[in-house]
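Dear colleague,

Please find below the structure that I am handing over to you. My notes on it follow directly after.

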Amino acid sequence: VGTVQQQISATQNENTQEEIRNITYYYDTTNLAQLYNDAKDSVVVITGNVLQYSFFGQQYSTVQGSGFIYEYEEDMVVITNKHVVDEAENIVVTFSDGDAYPATVIGSDAYSDLAVLSVEAPLEEFQPLDITSSSTIQVGDPVVAIGSPFGLGGTMTTGIVSQLGRTIEDSVAGSFPIANIIQTSAEINPGNSGGPLLNYEGEVIGITTAIISDSNGLGFAVPSNTILREIKSLV
C-alpha cells in the first residue's frame with residue numbers, strides 16, 4: 001500500500017509540474033512589452049478642426065482621438081470612431097514616428113460609431129493590425145488598449161473584459177444608441193477614442209470609445225465583429 005501511495009503521489013507531482021509548465025503567464029511584463037512594441041506603430045493620432053458658433057461668431061476648435069491601421073483588400077485605411085471625426089475639417093493623421101499626413105473620411109456610421117479614413121501617406125508608413133472575431137471573447141479575458149488619452153500618444157493600458165452586450169448612447173455624436181458594446185476595466189479616457197482594443201495575441205477585438213462622462217474605471221469598445229460586418233460598406 002505504501003509503495004502504491006508513493007507511485008500515485010509521484011504521478012500527481014509530475015502532472016502538476018507539467019500543468020505549471022504549460023501555463024502562459026499573461027501578466028509577464030516581457031510579454032506585454034513585446035505586444036506593445038509589435039502594435040504601437042499601427043496606432044495613430046487623429047486631429048481635426050470643428051467649426052462652432054458662439055456669441056463671438058464662428059470659431060474653430062480642435063478635436064483629437066486615436067485610430068489604427070487596417071488593410072482591406074490591399075487598401076490601407078485607418079479605422080476610428082465616428083465621433084472623433086464628426087464634422088471635422090483639415091483632418092490630419094500622425095504616425096508613431098511623428099510624420100503627419102492629411103486624411104479624408106470615406107465612410108462612417110453613427111449607429112456603430114465607426115469611421116474609415118483614407119490617408120495620403122507613403123506605403124511604408126502603414127503597419128496594419130489583424131482583426132479577429134469577438135464572438136469567442138468571454139468575461140474575464142485580459143485585454144490591452146493603446147491610444148492617445150489627452151493627446152499622450154502611444155499610451156497603453158490593460159484590464160479584463162468586464163461584461164458583454166452593453167448598450168450605450170453616444171452623447172458626442174447625437175445620442176445614437178450603440179448596441180453590443182464590450183465593457184472593460186482598461187482605462188479609457190478622452191483621446192483614446194478610436195484606438196484598438198487588443199487580445200494578448202495582439203489582435204483587434206474591438207475599438208475603444210470614451211463616451212460615458214464620469215465613468216471612472218469603466219471602458220467601452222465596439223466589438224470587432226461589428227467592424228468586420230461593416231468595413232466593406234464603410235470603405
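In which loop does S135 lie? S135 is found in the loop between β6 and β7 (142–147), where helices (H or I, at least four residues) and strands (E, at least two) are DSSP runs numbered from the N terminus.

Two remarks on the source come before the rest. This is a predicted model, in which local features need pLDDT of at least 70 and side-chain atom pairs count only at pLDDT 80 or more, while totals for chains, interfaces and linings use all residues. Residues are numbered from 1 along each chain as its sequence is written, and side-chain values use heavy atoms, with hydrogens and water left out.

The loop residue
S135 counts as exposed because its relative accessibility is 56%; the classes are buried under 20% relative accessible area, exposed over 50% and partly exposed in between (1.4 Å probe, protein chains only). The side chains of S135 and S133 are joined by a polar contact of 2.7 Å. Such a contact is a pair of N or O atoms within 3.5 Å; within protein, one must be able to donate a hydrogen and the other to accept it, and residues adjacent in sequence count only if both atoms are side-chain atoms. Between S135 and P223 there are 88 residues in sequence, and their C-alpha atoms are 8.7 Å apart in space.

The chain as a whole
The protein chain has four helices and 12 strands. Of its 235 residues, 43% are buried. Taking contacts (heavy atoms within 4.5 Å) between residues at least 6 apart in sequence, 62% join residues at least 24 apart. The chain exposes about 12300 Å², of which carbon and sulfur atoms supply 48%; the areas come from the Shrake-Rupley method with a 1.4 Å probe, and for residues only the protein chains shown count as cover.

The barrel
Six strands form a closed barrel in the order β1-β2-β3-β6-β5-β4, with antiparallel pairing; two strands pair if DSSP finds at least two bridges between them. On average, neighbouring strands of this sheet are turned by 40° against each other, direction ignored, with axes as lines fitted to C-alpha atoms, for helices over the stretch in contact, and angles running from 0 to 180 degrees between N-to-C directions. Strand β1 (residues 43–54) is joined to β2 by 12 bridges, and the two form a hairpin with two residues between them. Five bridges link β1 to β4 (residues 88–94). I46 has G65 as its bridge partner in β2 and V93 as its bridge partner in β4. Strand β2 (residues 57–72) also has five bridges to β3 (residues 75–80), and I69 stands opposite V78 in β3.

Helix α4
In helix α4 (residues 224–234), the buried residues are S224, T226, I227, E230, I231 and L234. Seen down the axis of α4, they fall within an arc of 135°, so they line one face of the helix; the arc is that of the directions from the helix axis to the C-beta atoms. These buried residues pack against β2, β3, β5 (100–109), β6 (114–119), β11 (204–208) and β12 (219–223). Exposed residues R229, K232 and S233 sit on the face turned away from the buried side.

Residue Q183
Q183 belongs to strand β9 (residues 176–184) and counts as buried because its relative accessibility is 11%. A polar contact of 2.7 Å links the side chain of Q183 to that of R166. Beyond its neighbours within four places in sequence, Q183 has contacts that include I160, V161, L218 and F220.

With kind regards
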